[in-house]
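Please keep the structure in view while reading.

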2 protein chains.
Amino acid sequence: MARSPAPRGTRTATLSDVARLAGVSVATASKALNGRNHVHAQTRERVFEAAAQLSFSPNSLARGLLAGKTGTVGLLTSDLVGRFSLPILMGAEDAFGAGQVSVFLCDARGDAIRERHHVRALLSRRVDGLIVVGSSTDPRPPLADSVDVPVVYAYAPSENPEDLSIVPDNVGAGRMAVEHLIACGRTRIAHISGDRQYSAARDRVDGVRAALDEAGIPLVGQVAYGTWEEGWGRAAAGMLLDREPDVDAVLCGSDQVARGVLDTLRERGRRVPDDVAVMGFDNWQVMTSGARPQLTSVDMNLEELGRAAARALFESIDAEHGKGIRTVQCRVVPRGSTAPDA
Amino acid sequence: MARSPAPRGTRTATLSDVARLAGVSVATASKALNGRNHVHAQTRERVFEAAAQLSFSPNSLARGLLAGKTGTVGLLTSDLVGRFSLPILMGAEDAFGAGQVSVFLCDARGDAIRERHHVRALLSRRVDGLIVVGSSTDPRPPLADSVDVPVVYAYAPSENPEDLSIVPDNVGAGRMAVEHLIACGRTRIAHISGDRQYSAARDRVDGVRAALDEAGIPLVGQVAYGTWEEGWGRAAAGMLLDREPDVDAVLCGSDQVARGVLDTLRERGRRVPDDVAVMGFDNWQVMTSGARPQLTSVDMNLEELGRAAARALFESIDAEHGKGIRTVQCRVVPRGSTAPDA
DNA sequence: GGCCGTACCGAAAAGGTTTTCGGATGCTTT
DNA sequence: AAAGCATCCGAAAACCTTTTCGGTACGGCC
């Protein structure tokens, strides 16, 4: 029944315990452990030994209480199940990472009440800052409570232009997708988008149009709006082939839509990429690598976005708080669905 | 340039501020706000007004320092990108939920060094407990450090039987999958599994065998081990149809494998579910709902698992710590790929 | 021998909250 | 009028660490 070496019930060692064991005062022990000078090398040694022996771990609460900083940040997300907040979270954790910062994770699940509740709790825990991750790229209302720590909005910008927001560059994403297709020699390009309600979809269309205009190439057919799902891709591809049989590239609103489009193309006997090139958005690995051929996609660099948010928060903590909307570049990840060999 | 109502630089209000404004002592203010008795109703009223006016929020650090409990738990995961830790995390957050507990999230990324680092940090922050989420259902080594707070292992059990672990019932999952197929009238059942390295795959096979034995039905062909991916499903299905053309049900190791199997079946002209029923594991919504027909799958109830882990941790915090491995039941989610209409 | 500088160490305060216990007030009872 | 009692409030300790500042010891110098 042996528990871990430090059985529960044994009060965890404090600095005074260490000091007593080392035969010095707490002040000296503190200085020794924190590398302050004015402490004899030999004394320091004794303190370190005592600390190791008691497996001393300084109480961050006491330290934070004194310093006024806790080395914690709150990460408030709205959809943890979604695959967008996760990479952002990873990136943020990464940037804080090896440092001394720990992350409080809270999921409000799209509920304003719950969100307030969480913000209160985080504030009461004296977090040094807050990252708010939206559930779509559509602007979201700013935090309801008055918050006296820096806040950075990620993925979804705040509706308040005084706030600092970091979002993916969807216009640029649409643009670079088209540029990639053109670079692959395609000239009859159609666009099967996602849900029109989402600004992400509309922004990408803007980028698509701009890139086509610059190249002097018309869009084949209309932009088709629907959902973000496979079923929509299958249906839309059917209609597209009926009306525009000579299409040679389809840009899809999401990787899922692209999967549906690939299915329909195969059933109609069109070869990919030989006859028709196909491209998706999001670069969701499980979608792109399971596809036949593997799917070229635009990666939104969400992890980089998370890192950027964390860095911005860091800056805001000790410097003045920035504001406005900053974008993070996307990137094309070419695979077999647009290149003959890959 | 108006910032939030409580501009930075304005030291946040403390209890003494509230007390001063209300014209009472800090002790009385504390008692009033915390609903202790022995304080006049009118006085309490004044204190509450003062607190509201200063938008007072009690400093959890000071409270935790005094109480020896912080109302925080650490959640240590190994693969945040994976889709398994997320629902668990959600469930845990849910169970702690509206209560007073906040969650520190740490991702060790499979790195033992990083894990120790995070454990140290969490201990230093005086978390009341720890949930360790593994990256696969394979047993994992226990925490390296000696930890004096309760620990619950979720998804992957600890190798140390003295620890408390909560894992999905994979054997039961295999069993109930076969029972579902039999209930659908299938008798020529084949099993295309996943990666043999994973105990999850082997455990499910055990369940499959047990259920078939009980029903007196032989397994069609050998259990086919491969990977968890679509490509494996496509390839394995091809081989299966060549060798066992009269198969009428295929149980797949994952939803992705099932997607691949569905593809091959369609290309070979087999109708699903009329000719062949298909079933997956994980109930990954994006995979099941995009499939044609929609995919029947076994849900591992990961959110429930997370909740169970959180509850177990709660119990361990004030009562004695349990030990051993507890399982959480899975459930079959029937859809069109096994039922003619759905 | 007295003085100064250096090197090291320790006492104490600060940070914000909760809890305990003693004190004060006003009211009732004899 | 004195004693007793219920009710409410406040002073102070406790939690643990860091930092400041004053103190001690000692070697070197005039």
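In chain A, the centres of domain 1 and domain 3, taken over C-alpha atoms, are separated by 64 Å. The assignment for chain A gives domain 1 as 15-58, domain 2 as 71-168 + 302-329, and domain 3 as 170-300; such bounds come from an automatic or database domain assignment. The model is predicted: local features need pLDDT of at least 70, side-chain atom pairs count only at pLDDT 80 or more, and totals for chains, interfaces and linings use all residues. Residues are numbered from 1 along each chain as its sequence is written, chains are lettered from A and ligands numbered from 1 in the order in which they are written, and side-chain values use heavy atoms, with hydrogens and water left out.

The DNA strands may be taken in turn. DNA strand C is surrounded by 25 residues, and A:Ser25, A:Lys31, A:Thr43, B:Leu15 and B:Arg63 are the closest; a residue is near a molecule or strand if one of its heavy atoms lies within 4 Å of it. Of the atoms of DNA strand C that come within 4 Å of the protein, 64% belong to sugar and phosphate. Several polar contacts (pairs of N or O atoms within 3.5 Å; within protein, one must be able to donate a hydrogen and the other to accept it, and residues adjacent in sequence count only if both atoms are side-chain atoms) can be located here. A base oxygen of DNA strand C has a polar side-chain atom of A:Lys31 at 2.7 Å. Helices (H or I, at least four residues) and strands (E, at least two) are DSSP runs, numbered from the N terminus. By class, the surface near DNA strand C has 12 nonpolar, nine polar and four charged residues; Ala, Val, Leu, Ile, Met, Phe, Trp, Tyr, Cys and Pro count as nonpolar, Asp, Glu, Lys and Arg as charged, and the others, Gly among them, as polar.

Which residues come nearest to DNA strand D? Of the 23 around it, they are A:Leu15, A:Arg63, B:Ser25, B:Lys31 and B:Thr43. Sugar and phosphate make up 68% of the atoms of DNA strand D that come within 4 Å of the protein. A polar side-chain atom of B:Lys31 is placed 2.7 Å from a base oxygen of DNA strand D. Backbone atoms of B:Ser25 and B:His40 each lie 2.8 Å from a phosphate oxygen of DNA strand D. Helix H2 (26-33) and helix H4 (60-67) of chain A, together with helix H2 (26-33) and helix H4 (60-67) of chain B, are the elements that give two or more residues to this surface.

Rolling a probe the size of a water molecule over the atoms shows where empty space is left. The lining of the largest cavity divides into four nonpolar, seven polar and two charged residues.

Some backbone features remain. Most residues other than glycine have a negative phi, and most peptide bonds are trans. The peptide bond from A:Val272 to A:Pro273 is cis, with omega near 10°, and A:Pro273 lies in the loop between helix H10 (255-267) and strand S8 (277-281) of chain A. A:Arg126, although not a glycine, has a positive phi of about 60°; A:Arg126 counts as buried, at 18% relative accessibility, where buried means under 20% relative accessible area, exposed over 50% and partly exposed in between (1.4 Å probe, protein chains only). B:His38 also has a positive phi, of about 65°, but B:His38 counts as exposed, at 78% relative accessibility.
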